[in-house]
Amino acid sequence: EAITAEPVMNPAFSRVHPTRDLLYTCTESVAEPGMIDTWAVDRETGALTKLGSISAGGTSTCYLTLDKVARNMLVVNYWDAT
């Protein structure tokens, strides 16, 4: 059973917010710009609700991490080496 009804293009990496019910995923493609998607996580069911998307600034996005206070995100785009 799917945990979201939203379409998702090749989620390559996921990162959970340390204090909020949020999941960040990045899409990976060499043909299309990568996207960072933010999802609300339902603690009871595990269902995901897409909150928004933003460009990853490159292609083949492969890694996400948050700083210690979870205010800034580092995004790695493999294909563009950014």
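Visitor: Which backbone nitrogen does the side chain of Ser29 reach at 3.2 Å?

Guide: This is a predicted model, in which local features need pLDDT of at least 70 and side-chain atom pairs count only at pLDDT 80 or more, while totals for chains, interfaces and linings use all residues. Residues are numbered from 1 along each chain as its sequence is written, and side-chain values use heavy atoms, leaving out hydrogens and water. At 3.1 Å the side chain of Ser29 reaches the backbone nitrogen of Ala31. At 3.2 Å it reaches that of Glu32.

Visitor: Is Ser29 buried or exposed?

Guide: Ser29 lies in the loop between β2 and β3 (33-41), where strands are DSSP runs of E of at least two residues and helices runs of H or I of at least four, numbered from the N terminus. Beyond four places in sequence, Ser29 touches Met9, Thr59 and Ser60, contact meaning heavy atoms within 4.5 Å. The scale uses a 1.4 Å probe and protein chains only: under 20% relative accessible area is buried, over 50% exposed, and anything in between partly exposed. Because its relative accessible area is 15%, Ser29 is buried.

Visitor: With which side chain does that of Asn77 make a polar contact at 2.5 Å?

Guide: Asn77 belongs to strand β6 (residues 73-77) and is buried, as its relative accessibility is 2%. A polar contact is a pair of N or O atoms within 3.5 Å; within protein, one must be able to donate a hydrogen and the other to accept it, and residues adjacent in sequence count only if both atoms are side-chain atoms. A polar atom of the Asn77 side chain lies 3.0 Å from the backbone oxygen of Ala56. The side-chain partner at 2.5 Å is Thr61.

Visitor: In what order do the four strands form the open sheet?

Guide: Two strands are taken to pair if DSSP finds at least two bridges between them. The edge strands, each pairing on one side only, are β1 (11-16) and β4 (48-59). The pairing is antiparallel and the order is β1-β2-β3-β4.

Visitor: What is the average twist from one strand to the next?

Guide: Axes are lines fitted to C-alpha atoms, for helices over the stretch in contact, and angles run from 0 to 180 degrees between N-to-C directions. From one strand of this sheet to the next, the twist averages 20°.

Visitor: How many of the six residues of β2 are buried?

Guide: On one side of β2, Leu22, Tyr24 and Cys26 are buried, and on the other Leu23, Thr25 and Thr27 are buried, so that both faces are covered. The number of buried residues in β2 is six.

Visitor: How far apart in sequence are the parts tied together by the aromatic pair?

Guide: Rings of Phe, Tyr and Trp (its six-membered ring) pair if their centres lie within 6.5 Å, with planes under 30 degrees apart stacked, over 60 edge-to-face and the rest tilted. A search of the whole structure finds one such pair: Phe13 and Tyr63, tilted, 4.9 Å centre to centre and with 50° between the planes. Phe13 is partly exposed at 23%, and Tyr63 is partly exposed at 32%. Because Phe13 lies in strand β1 and Tyr63 in strand β5, the parts they tie together are apart in sequence by 50 residues.
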